[in-house]
Amino acid sequence: IEQKIQQSQKMESLGSLAGGVAHDMNNVLGAILGLASAHLENHPVGSPAHGAFSTILKAARRGGEMVKSLLNLARQNPAEQRELDLNAILREEVHLLERTTLAKVRLQLDLAPDLRPVRGDAADLAHAFMNLCVNAVDAMPENGTLTLGTRNLEGGWVEARVEDTGTGMAPEVLEKALDPFFTTKEVGKGTGLGLSLVYSTVKAHGGKMELQSEPGRGTCVILRFPASGVSGEPRESSGPQKIVGGL
Ligand code: ADP
C-alpha cells in the first residue's frame, strides 16, 4: 500500500510538472522541427548535411512523443468513453506491428471469443498495448514467443495479458519498472515512460495492473478492467501472483 501511495504521488507531481513544461517544450521542438525540415529540403539526399538534419528531425520527433507521453501520464480519465472490444484493439495492434516490431518473434493469440466489452479510450488502450509489445520484443533477442491473451473474469471484469519468453526482470528491476524514467535500456532507446504510461492508462480506466516476471524465463503483464456497466472488484486469480506497484 505504501508503494501505491508513493507511485500515485509521483504521478501527480509528474503530471503538474508535465503540464507546465509541455507547452514550452512543444514550442522549442516546433522551432527545431520547422528549421530542420526546411534545411533538409535544401540539401541533396545522401549529403552529410541532409544526414545531420534528418537526425535532428528524428530526435525532435522523439522529443515530441515524449512530451505527449508526459501529458498522457497526467490524465486522470480516459479521453473518450466508448464501449470497446479489447480483442479488436489487440488484433489491430498486431496488424500494425506485425511487419516491424513483431517480425522477429513467434506470436500466439489466445483471445476469448465472448469477451465482455469495456468502456474507455481505444487510442489510449492501443498505445498501452503497443508499449507492452515493444517491451516484450525488446526482452526477446531471439526466438521468443509473444502471447496476447484475453478472458472474462468472474465478477464482471475482463483481463488482457501480454506475455513474453524473454529475459525477465531481476527483483530490483521489477520493483522500479513502473517508475517514470526508470529504464535499463541504452540512452536513446528507452525513455522509461512506457510502463508508467501503461499504468496511468489502466488506472484512468478503473483497472488494475500486475507484473509477473522471472529472470531467464519471461514476463507477463496482466491488465484487468471492469467490463462495461460493472462496478466492484474482480474475483478469481490463478495461484500466487506477485503484485508490483500496488495495483
Ligand atoms: P523503457 O521500455 O523505455 O525502458 P518502460 O517503463 O517500458 O521503459 O520499462 C522500464 C524497464 O522495465 C525496462 O527498461 C526494462 O528493464 C523493464 N521491462 C519492461 N518490460 C519488460 C519485459 N517485458 N521484459 C523484461 N524487462 C522489461
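Helix α6 is mostly covered, with 9 of its 11 residues buried. The model is a predicted one, in which local features need pLDDT of at least 70 and side-chain atom pairs count only at pLDDT 80 or more, while totals for chains, interfaces and linings use all residues. Residues are numbered from 1 along each chain as its sequence is written.

User: Which residues of α6 are buried?

Analyst: A residue is buried if 20 or more other C-beta atoms lie within 10 Å of its own, exposed if 12 or fewer, and partly exposed in between, with C-beta atoms placed from the backbone. By this count 9 of the 11 residues of α6 qualify. They are G194, L195, S196, L197, V198, Y199, S200, T201 and V202.

User: In what order do the elements of the chain run?

Analyst: Helices (H or I, at least four residues) and strands (E, at least two) are DSSP runs, numbered from the N terminus. The chain has 6 helices and 7 strands. From the N terminus on, the order is α-α-β-α-β-β-α-β-β-α-α-β-β.

User: What share of the contacts in the chain with a separation of 6 or more joins residues 24 or more positions apart?

Analyst: Two residues are in contact if their C-beta atoms, placed from the backbone, lie within 7 Å. Of the 247 residues in the chain, 30% are buried. Among contacts with a separation of 6 or more, residues 24 or more positions apart account for 76%.

User: Why does the end-to-end distance of α4 agree with its number of residues?

Analyst: The expected span of a helix is 1.5 Å times one less than its number of residues. Helix α4 covers residues 122-138, and its 17 residues should therefore span 24 Å. The distance between its end C-alpha atoms agrees with that, at 24 Å.

User: At what angle do the axes of α4 and α6 cross?

Analyst: Axes are lines fitted to C-alpha atoms, for helices over the stretch in contact, and angles run from 0 to 180 degrees between N-to-C directions. The axes of α4 and α6 (residues 194-204) come within 9 Å and cross at roughly 145°.

User: Which residues make the contact of α4 with α6, and how many of them are charged?

Analyst: The contact is made by D124, L125, A128, N131, L132, V134 and N135 of α4 and G194, L197, V198, T201 and V202 of α6. Ala, Val, Leu, Ile, Met, Phe, Trp, Tyr, Cys and Pro count as nonpolar, Asp, Glu, Lys and Arg as charged, and the others, Gly among them, as polar. By class the contact has 7 nonpolar and 4 polar residues, and the number of charged ones is 1.

User: What is the handedness of the crossing of α2 and α6?

Analyst: The axes of α2 and α6 come within 9 Å and cross at roughly 35°. S69, N72 and L73 in α2 meet S196, L197 and S200 in α6, and these residues divide into 2 nonpolar, 4 polar and no charged. A crossing is left-handed if the near helix is turned anticlockwise from the far one by less than a right angle, and right-handed if clockwise. The crossing of α2 and α6 is left-handed.

User: Is G192 buried, exposed or partly exposed?

Analyst: G192 lies in the loop between α5 and α6. G192 touches P180, F181, F182 and T183, not counting residues up to four places away in sequence. Because G192 has 16 other C-beta atoms within 10 Å, its class is partly exposed.

User: What is the phi of F181?

Analyst: F181 is in the loop between α5 and α6, and counts as exposed with 12 C-beta neighbours inside 10 Å. Most residues other than glycine have a negative phi. F181 is not a glycine, yet its phi is positive, near 75°.
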